[in-house]
Number of protein chains: 4
Amino acid sequence: MRACVRGRTRNRFILEPQRIVEAAPAGDWVQRYTKVRTNSLALVEGLSDADATAQSMDDASPAKWHLAHTTWFFEEFVVAPRMGESERYHSSFSFLFNSYYNSVGDRHARPSRGLLTRPSLDEVKAYRAHVDANMAKILSTGDAALRPLLDLGLAHEEQHQELLLTDILHLFAQNPLRPEFRPPEPIAVGNATESPVVWHEYEGGKVSIGASGEGFIFDCEGPRHDALLLPYSLAGRAVTNREWLEFMREGGYSDPLLWLSDGFATVIAEGWQAPLYWTERDGYWFAMTLRGERVVDLDAPVTHVSHYEADAFARWAGARLPTEIELESAVAGLPIEGNFAASGAFAPRLQTGELSGAPSGLYGDVWEWTSSPYVAYPRYAPAGGAIGEYNGKFMSGQMVLRGGSCATANGHMRATYRNFFHPDKRWQFSGLRLARDL
Amino acid sequence: MRACVRGRTRNRFILEPQRIVEAAPAGDWVQRYTKVRTNSLALVEGLSDADATAQSMDDASPAKWHLAHTTWFFEEFVVAPRMGESERYHSSFSFLFNSYYNSVGDRHARPSRGLLTRPSLDEVKAYRAHVDANMAKILSTGDAALRPLLDLGLAHEEQHQELLLTDILHLFAQNPLRPEFRPPEPIAVGNATESPVVWHEYEGGKVSIGASGEGFIFDCEGPRHDALLLPYSLAGRAVTNREWLEFMREGGYSDPLLWLSDGFATVIAEGWQAPLYWTERDGYWFAMTLRGERVVDLDAPVTHVSHYEADAFARWAGARLPTEIELESAVAGLPIEGNFAASGAFAPRLQTGELSGAPSGLYGDVWEWTSSPYVAYPRYAPAGGAIGEYNGKFMSGQMVLRGGSCATANGHMRATYRNFFHPDKRWQFSGLRLARDL
Amino acid sequence: MRACVRGRTRNRFILEPQRIVEAAPAGDWVQRYTKVRTNSLALVEGLSDADATAQSMDDASPAKWHLAHTTWFFEEFVVAPRMGESERYHSSFSFLFNSYYNSVGDRHARPSRGLLTRPSLDEVKAYRAHVDANMAKILSTGDAALRPLLDLGLAHEEQHQELLLTDILHLFAQNPLRPEFRPPEPIAVGNATESPVVWHEYEGGKVSIGASGEGFIFDCEGPRHDALLLPYSLAGRAVTNREWLEFMREGGYSDPLLWLSDGFATVIAEGWQAPLYWTERDGYWFAMTLRGERVVDLDAPVTHVSHYEADAFARWAGARLPTEIELESAVAGLPIEGNFAASGAFAPRLQTGELSGAPSGLYGDVWEWTSSPYVAYPRYAPAGGAIGEYNGKFMSGQMVLRGGSCATANGHMRATYRNFFHPDKRWQFSGLRLARDL
Amino acid sequence: MRACVRGRTRNRFILEPQRIVEAAPAGDWVQRYTKVRTNSLALVEGLSDADATAQSMDDASPAKWHLAHTTWFFEEFVVAPRMGESERYHSSFSFLFNSYYNSVGDRHARPSRGLLTRPSLDEVKAYRAHVDANMAKILSTGDAALRPLLDLGLAHEEQHQELLLTDILHLFAQNPLRPEFRPPEPIAVGNATESPVVWHEYEGGKVSIGASGEGFIFDCEGPRHDALLLPYSLAGRAVTNREWLEFMREGGYSDPLLWLSDGFATVIAEGWQAPLYWTERDGYWFAMTLRGERVVDLDAPVTHVSHYEADAFARWAGARLPTEIELESAVAGLPIEGNFAASGAFAPRLQTGELSGAPSGLYGDVWEWTSSPYVAYPRYAPAGGAIGEYNGKFMSGQMVLRGGSCATANGHMRATYRNFFHPDKRWQFSGLRLARDL
């Protein structure tokens, strides 16, 4: 089974049931389902009904909507087909919480999600409990045919967990009271001087890229295929806030020669002068975070920058963004460890740059923008069926990001994972790592 | 003391302290203050934190914001000046809940009010209690100088009570679940046939118009002055939904010859086919109301129509809209009775048309659009001072409505009262009454 | 016969044939027709085909379009009905050059008029000659029934002569080469110091306003009716550029307290800092005029200001704008003399302020903004018929201007003449005169 | 010397002077220069001053502007540096006719080009003559250092020749009179039944792609590098109008499952139902062409479709768009022959599909959309210098087209040539050819 995720309008999947070869013990499935579902609820602890209802921009969705939509997924594709329509919790919820599956029916206008003050957060939780109870019954059958939908539904929910975090941050950043999603934690004392960049060299040549099809993947991660790489080097760590400030001080945001044409037009139109959420006060730069507003941590990776900004920074630095093939090739075989959501930091952390071994931060902290447009791999073929109706439809005008972030669910990441957003988007935990030709 | 009300951005006032001539017993003041303030809280009973937070369009404000802004008024103009800045409940609330008083400082962007999930509704109630306690202390002094601000603050709050109702209706109308602000009540059985329109004739001549200055008024209601009227007649009741349906059936919304040029452009741009909140299903017209969605009551006055629509209807009917002078002249001396908010109906009701005596419904039910642009009366002069900084600034591009509505606080209305909105606005309880030349 | 003119989309009329009482000698008619038609052609002397084709904004029309549309009027309403459809010059011209008469058929989209590079200016002239020849034949019959259409068509053409001038100025003002419509002429040496304002006092009382119906008028000028005026005074001359500069220097454009709410929003949105066409260079203010760019003439009336600006200036000056009734009352009985288009100046000129007698400049130089919204006079009733289909439809959201300008055809003006534009428009020769209460 | 071409804002180049190795005989240079320059003038024969001035959309430029801008290029980069600033024809022309070279100075706002009624077409021709005379003097020196600028300037001018044609077509298509750029020619009698598609198979494997650097290229065509291809097949001819009509009849424009997400959003927003310039009348489809409006030629390649439409068609047809590498690999070694501008057809022509040999129409007729985003080849490095200031800045959000069109100058095309436009653009002669995996 494969599926592929997110875009301007979120989350589309495709099932390839023939990929499913083995059933797991039913008990494991219930446990795994419960864990992911519980994680979602844990995220909204401390959020009020109002917090969970508001929508701060068209790209974002209310927390309540994330909770309900991921539940609707299981109701629509698992519970209703197996237990009957009468088991639906509410006749209108399919209309309200469908995201974009045309074949499943009409749906509520995306930009109006924030006006759905009803159902309340409590009722959405009741909806979740209702569907979870039915899912427990179904999963306990251990039917192997359930596996693709379970894998997909849970991967889907994990993606929405990340979006829930980035959307709440965006909402709270609009509030002059600067609400804290989680209590502040002490900022690690960084080294006073800039951590030097160590460059890691790669030979290139013919490399194999993409997922081979073992285990769950989203379909855009395959097919696995060969590609050619010229020798290149990667920075040992992501670009830091300290470096970004130097870019700003040297007029990075005002020199059109550094920018893609569409990028500089966006700088002018949006008045960009710094990463999203940054504010200057009394000579200091502050950033709004999930732990409230705080002084920018100079040695942490820069985040909330667009592809346009990342590309301009790289040009200013005399380097370039890596391709997604270069990053995937570099990360192949490394353990999938890093600062993911389970760390509880909810912010990127200081990186070392690794004098020996692999570069640091290839996983977690910030999604790293690449220079690769999000397009199909050779022989990529969307599958049919209801869930997969829109597969591939976002392969236009978006750029690939790699590696996951501090808001990504642990266990969600893979070496072949392709995230993608339009080049002007900044509200994800997106940063960059420099690359060079050798 | 005078003040003047509402526009696209809401509510501005002007004080003329010299008008205040007498003090009332302090106890009466506390009682009056408490009554109005309590009425506001009664309106939000049954609203959730989320209901009270959402903002469904730029013209509307969240219920929570209405509660806080009216409280801020007393804090800013009465409590802080008399008890000191330290008595302010929260240092940021002036920024958040100031509406448009530039001289008082910066303020939160109006279209982003719906993103203020904090403070919560409960905290806003606590804010109200804090200010009310201080106000009780201040009012108990019986200081005559308090009178203008008390009158003004309470009139201000009553205006926001009406807006709170129309804004909640607009919000709930966006929700496919069609929430009910108040439980449905049985619809009165109307007469099966159309209630005939009785025409009441007026001689005109030289008439005195505007407020003479006794008692509280908004400043735009004066100065009192003479005006000339030619003989005219007024319909004995407002235009009904039954009549509006006939206008629709005869193609009223598609014949440009019936419309003002700007009006028809709006019809096309907005796709208007019926009053706001009307939906056709299975051959029946339904309207969203504060008591949920229900079949359109054919014999009730039409409401939620714009000035453009009212003007086109009058042309179609071979009549015209009355001027505000004609309406004020007709209403002079009549008791101020009608279907106001205290009736609890929260919807316009069947009218009789009054075969003898005065026309029915001149007060209450629906605001009646006039053909009069909202401009200054002769010798109108805005006063100075902080509260009055913007007096008169809305006298451009708006049309006068008269008589109050089913959402207007009882006791708030006057014969000289001038309400005003841009001619394309429909979310108030706005209808019309026909007039003719004699 | 009456007709009424102009708005955002231009020029609508209404015929009342019963008003026509006498025929004139046919020869006079031909002569009068020829004179007005020739004047139109004289205006485009020196314009290239391209000059006559371009459209610099939606509010403006190409010179070629003005020439063709005014011709179409005679073809549509006189020639075709009397000589048959076969006499039409070109089958598509009715579609191309109809302005907004829905009953006459579809029409070319207004904002695309500048894309009609064909027909050429020469072909439009041939079109004019063709229609003129037919008109000469028809007018030579001396048929009294022709009179209303002749009067209306020529008044219509005179209005377009003024628009042609203001539209060409707007076009040339967009060109960095600053083309001259007419060669520059020496600027009169003004008095070095400010010409003092003399105030002329008026008693007011009951006055008769509007046209009595003798001679040609546009229908909005009547019916004649009584109105009440309180005592007032008018400035002896229009506001000058010198005074406007003082307003600018004292921060007039940045103080919201001086402005109507919609006005200040426009100032911000449009970045207004000075009248339209003004540019500051090396410490001097220059204005683009029909004679090229030249230093602002300090003692000439300010022009190309909107109603919003005029209103703010008056407030800043401690005065107010006059009502249209005050101006009409003041001008009644005065000779209709002033700086109109035939002077060839094509710019407002120095005024004296008239120590004795009437104020200067009440006619010509600049249209004077009033505080009066453009609404119907009492008992105003639009007539029926094709030409009058849209009568009155522009009576919403616009403000009355009085007196004519340096671009108005001589003979076109009347004491009762009501011009009107939306309050944000600036490309007409619009200025102001101050008024005060007594 | 290399240079790179066109985007939303047009035409940027980069010089690499070190590439220039040999001088040509001066006489040949003058002849070549004269030929290209003369071709430009030949294109505007029959255009009026107004035709050459109007700008029908932001993406397009006036014909006059194309003539002047290409001339400014030689004045700015050749004449002025060699003969001095005093040789400039007019001091303002650099401001008016610079396209986007920031380092060269400010420039006139692109969307306002259509308002430049002055200078006239005749004066622009005089400007050309002035610069041409100076260029003749300079070129006659035979200085080898001139070669890169000559190559670049002429390639630049050829690109603008194509744009001039597509921009005039767009302008004339807005005119209800449907002007003909060139007189109509008889339409070839096509075969009554659909020409079958022959599929040509390619082995793929490792291929060399990009320009090796001999002869003039735009810099984005290199560096030459290896790439991997899986086996694929290409249709023997471009998709025809007959096939496109079938796509339309089968609901291609209304089925979201066929479209990229951004593509279908554009279909809805723009109301697309057919290729640009198509109109249905009385059951027939007509298309506006450079020879006026005519019945759609069923057997000619479809043109004026966007990338979105081409992609949807391919999906509907069970095929896909080729990559640019596949097309370049297939075309390598073929003679550069086809229906280019010199044919005088100014429209794509019937193709055969070639049962043997190479596919037909790989060059000329219509630009063929590929599935390749326009990005840098590996090791692509923009050069420095004034002309090259913006190199690569358009490598974002655009798609590659290959092969040239019926509006491309003969001699302009190369196997490695990369044209590019945003995926929603339709006013170029853009079509498609299907590809399949083997």
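**View 1. Chain D and chain C meet through the same surface.** Here 100% of the interface residues of chain D are interface residues in chain C too, so the two copies share one meeting surface. Each chain brings its own set to the contact (heavy atoms within 4.5 Å): 27 residues from chain D and 27 residues from chain C. What you see is a predicted model, where local features need pLDDT of at least 70 and side-chain atom pairs pLDDT 80 or more, while totals for chains, interfaces and linings use all residues. Residues count from 1 along each chain as written, chains are lettered from A and ligands numbered from 1 in written order, and side-chain values use heavy atoms, with hydrogens and water left out.

**View 2. What gets covered up between chain D and chain C.** Together they bury about 2000 Å², 65% of it on carbon and sulfur atoms; buried area is the accessible area (1.4 Å probe) that two parts lose on being put together, summed over both. On the chain D side, D:Leu115, D:Arg118 and D:Leu177 lose the most area to chain C, together 33% of what that side buries.

**View 3. A salt bridge from D:Asp51 to C:Arg118.** The closest N and O atoms of this pair sit 2.6 Å apart. Across the interface there are two salt bridges (a side-chain nitrogen of Lys or Arg within 4 Å of a carboxyl oxygen of Asp or Glu).
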